Amino acid sequence: MKQEIRERTKWFMDARFGMFIHWGLYAIPACGEWVMSEKEMSAEEYRTYFEQFDPYDYDPKKWVSLAKEAGMKYIVLTAKHHDGFCLFDSKLTEYKSTNTKAGKDLVREFTDACREAGLKVGLYYSVIDWHHPDFPKYGDRQHPMRNKEEYKGEKIDFDRYLAYMHGQVKELVTGYGKLDLLWFDFSYDDMAGEKWKATELVEMVRSYQPDVIIDNRLEGAGDNHGSITTEHPLPYSGDFASPEQIIPPKGVCDDKGEPIPWELCATMNNHWGYCNFDHEYKTSKMLIRKLVECVSKGGNMILNVGPDARGNIPEESVKILKEIGIWMAKNNESIYGCGISELPKPEWGRYTQKGDTIYAHVYEEPLGALPLYGIRPERLKNVIYLADGSEMNRGEAWNTVLYPDVAFVSFGENPVFTYPLPDEKDTVLKIQMKE
């Protein structure tokens with residue numbers, strides 16, 4: 001890993017947990033952020049949502065407060081998604097929130113709210129634009145007009161689009177204070193890398209925001225890490241990989257097998273943008289365990305919410321995030337600043353580690369005492385139940401003598417008996433070893 005990437009991403013790899021917010025005009029049709037492409041809507045047809053957009057409940061302080069309560073350390077908001085609509089006051093287009101009934105720069109209020117609460121600020125920007133007249137249409141795999149014959153021979157000036165896109169990114173990196181994270185999305189087919197004039201774009205960004213963390217999607221996507229994992233990454237390869245809706249089996253490593261920074265981006269239900277019929281929400285128990293899995297493999301998790309057309313985060317999402325927050329309030333020590341453990345994955349859960357301290361994340365109720373796989377009894381200094389700080393009882397007993405190489409702890413007074421786990425979502429034990 002390059003030294004400058006290591007330094008830039010230190011806060012990011014300590015934070016481990018963030019919030020993604022997908023929000024825009026697509027909250028009105030309420031069937032996901034790809035509705036314009038999926039229904040092959042023209043810019044004129046889609047404009048009806050621009051005329052209707054009136055998020056009168058928008059209060060980014062509520063969003064930020066919820067993220068903080070959930071234990072998240074950073075937030076990334078979609079400043080512009082693929083539909084081309086801007087939540088910020090771009091001087092390069094009239095297609096922006098200030099020209100809707102909202103009448104204000106929504107990104108500015110968001111960045112101010114994040115900083116006021118002490119959270120790191122991130123902005124998402126799509127290099128794809130289905131609204132701009134100079135973006136390729138007919139035959140493009142994603143564009144809403146991909147199948148419309150009338151666009152088959154259309155003459156466009158893609159350089160003019162690139163100037164527009166670079167100009168908007170410059171507005172974001174010069175007009176909204178210090179940005180901690182810039183999340184570009186996304187490359188596909190031949191629309192990748194220097195097609196976006198990516199080297200020039202990154203150099204411009206770094207000239208104004210030298211410390212900002214950039215993802216890998218100027219050349220990659222959810223199905224392609226790009227050159228970030230190679231021995232000679234390209235100038236626009238990014239600072240971290242961004243697997244989508246899947247946790248890599250062994251984390252993300254470079255070609256030499258060395259771990260690199262990465263972040264799982266995941267939805268709480270099955271859509272990024274607000275979808276009023278999608279109630280397939282993941283449980284807080286599952287999401288806590290997936291966060292732990294990411295950390296145990298050296299990665300982060302950024303968990304998405306899709307606010308509705310009025311600007312409210314769905315009640316299901318709020319409930320789940322609050323439940324995660326209850327767990328995080330007691331157990332965040334096993335997440336923040338933690339990473340891959342020197343011990344192999346145990347059968348009953350996972351280990352995370354910070355320095356010499358190991359955290360056992362116990363998911364499965366043991367029959368009798370819990371074996372701390374990989375730890376010899378004589379090396380065990382103490383074991384604390386992290387949620388309340390109480391010392392765990394040792395579990396070595398007459399029925400463990402055949403296993404002298406493994407330390408045991410008990411969740412009750414008698415190590416031979418079976419006791420329920422204190423927290424069925426994830427019971428965390430803090431383990432300290434002797435020198």
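**Close-up views of aromatic pairs and nonpolar cores**

A search of the whole structure, a predicted model, identifies 29 aromatic pairs.

**View A. An edge-to-face pair formed by F53 and F85.** The ring centres of F53 and F85 are 5.4 Å apart and the planes meet at 75 degrees; because this angle is over 60 degrees, the pair counts as edge-to-face. Distant parts of the chain are linked by this pair: F53 belongs to the loop between α4 (43–52) and α5 (60–69), and F85 to the loop between β2 (74–80) and α6 (106–117), 32 residues apart. F53 is buried, with a relative accessible area of 0%, and F85 is also buried, at 2%. Both rings belong to one aromatic cluster together with W23, F50, Y58, W63 and Y95.

**View B. A tilted pair formed by F158 and Y161.** The centres of these rings lie 5.7 Å apart, with 35 degrees between the planes. F158 and Y161 are both in helix α7, 3 residues apart, or about one turn of the helix. Both residues are buried. K195 lies over the face of F158, at 5.4 Å from the ring centre.

**View C. The largest nonpolar core, with 103 residues.** V169, F184, W196 and L321 have the most contacts inside this core. Helix α7 (residues 158–175) supplies the largest share, 8 residues. Among the residues that W196 touches are F158, Y161, L162 and M165, as well as V127, I128 and L218. A second, separate core of 20 residues includes L370, I375, Y385 and V409.

**View D. A lysine over the ring of W11.** K120 is placed over the face of W11, at 5.3 Å from the ring centre.

Conventions
Residues numbered from 1 in each chain as written. Predicted model: local features only at pLDDT ≥ 70, side-chain atom pairs only at ≥ 80, totals over all residues. Heavy atoms only, no water. Core = buried A, V, L, I, M, F, W, Y, C linked by side-chain atoms within 4.5 Å. Buried < 20%, exposed > 50% of the residue type's maximum accessible area, 1.4 Å probe, protein only. Helix = DSSP H or I, 4+ residues; strand = E, 2+ residues; numbered from the N terminus. Contact = heavy atoms within 4.5 Å. Phe/Tyr/Trp six-rings, centres within 6.5 Å; stacked < 30°, edge-to-face > 60°. Lys NZ or Arg CZ within 6 Å of the ring centre and 35° of its normal. Lists of a residue's contacts leave out its neighbours within four places in sequence.
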